[in-house]
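Please keep the sequence and the structure at hand while reading.

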Amino acid sequence: VCQSQTGVVYTVPVIGNASGYTWTLPVGATITSGANTNSITVSFSATAASGIITAQGSNACGTGLISAGFAVVVNQLPGAAGTIY
């Protein structure tokens, strides 16, 4: 993904007996829709960094095991332009 990219979808298969889902995202990534579901849409800020995404199911009895991590590589925006001469 790229810094400042929006509308990126991540999905985990439905977790048996889960009534909710907790997602952990890299720094600078934000869930824009689908929070607490098995499919989320994420936006990455201009300062987002690479990292790992995980998901975890929960219900009234507690939380399940955390999923295996999914590595996300965030590509940086170009640097500032130099002096025009």
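What is the relative accessible area of cysteine 2, and is cysteine 2 buried, partly exposed or exposed?

## Cysteines

The model discussed here is predicted. In it, cysteine 2 has a relative accessible area of 39%. Buried would require under 20% and exposed over 50%, so cysteine 2 is classed as partly exposed. For cysteine 61 the relative accessible area is 78%, and this residue is exposed.

A disulfide is a covalent bond between the sulfur atoms of two cysteines. With a cut-off of 2.5 Å between cysteine sulfur atoms, the model has zero disulfides.

## Overall make-up

The secondary structure consists of seven strands and zero helices. Read from the N terminus, the order of elements is β-β-β-β-β-β-β.

The C-alpha trace spans about 65 × 20 × 15 Å along its principal axes. The radius of gyration is 16 Å, whereas a compact globule of 85 residues would have one near 12 Å. Of the 85 residues, 27% count as buried. The protein exposes about 5400 Å², and 60% of that area is supplied by carbon and sulfur atoms. Among contacts with a separation of 6 or more, 55% are between residues 24 or more positions apart.

Three strands form an open sheet in the order 1-4-3, and the pairing is antiparallel. Strand 1 and strand 3 are the edge strands, each pairing on one side only. From one strand to the next, the twist averages 45°. Strands of a sheet pair through backbone hydrogen bonds, either parallel or antiparallel.

Strand 4, residues 39–44, is joined to strand 1 by four bridges, and the two run antiparallel. Within this pairing, valine 8 is opposite valine 42 of strand 4, and tyrosine 10 has isoleucine 40 of strand 4 as its bridge partner. Strand 3, residues 29–33, also pairs with strand 4 over four bridges in the antiparallel sense. Here isoleucine 31 stands opposite valine 42. Strand 3 and strand 4 make a hairpin, with five residues between them. In the turn of this hairpin, glycine 34 has a positive phi of about 90°.

How many of the six residues of strand 4 are buried? Five are, which leaves the strand mostly covered.

Valine 42 is located in strand 4. Its relative accessibility is 0%, and because buried means under 20%, valine 42 counts as buried. Leaving aside neighbours within four places in sequence, valine 42 is in contact with Gln5, Thr6, Gly7, Val8, Tyr10, Leu25, Ala29, Thr30 and Thr32. Val8 in this list is the residue that stands opposite valine 42 in the pairing of strand 1 with strand 4. Isoleucine 52 lies ten residues from valine 42 along the chain, and the two C-alpha atoms are separated by 13 Å.

## Two threonines compared

Threonine 6 sits in the segment before strand 1, which covers residues 8–11. Apart from residues up to four places away in sequence, threonine 6 touches Val42 and Ser43. Threonine 6 and asparagine 75 are 69 residues apart in sequence, with 13 Å between their C-alpha atoms. Threonine 54 belongs to strand 5, residues 51–59. Again not counting residues up to four places away in sequence, threonine 54 touches Thr22, Trp23, Thr24, Ile66, Ser67 and Gly69.

Definitions and conventions
Residues numbered from 1 in each chain as written. Predicted model: local features only at pLDDT ≥ 70, side-chain atom pairs only at ≥ 80, totals over all residues. Heavy atoms only, no water. Contact = heavy atoms within 4.5 Å. Pairing = 2+ DSSP bridges. Axes fitted to C-alpha atoms, helices over the stretch in contact; angles between N-to-C directions. Rg over C-alpha atoms; globule rule 2.2 N^0.38 Å. Buried < 20%, exposed > 50% of the residue type's maximum accessible area, 1.4 Å probe, protein only. Areas by Shrake-Rupley, 256 points an atom, 1.4 Å probe, with all protein chains shown as cover.
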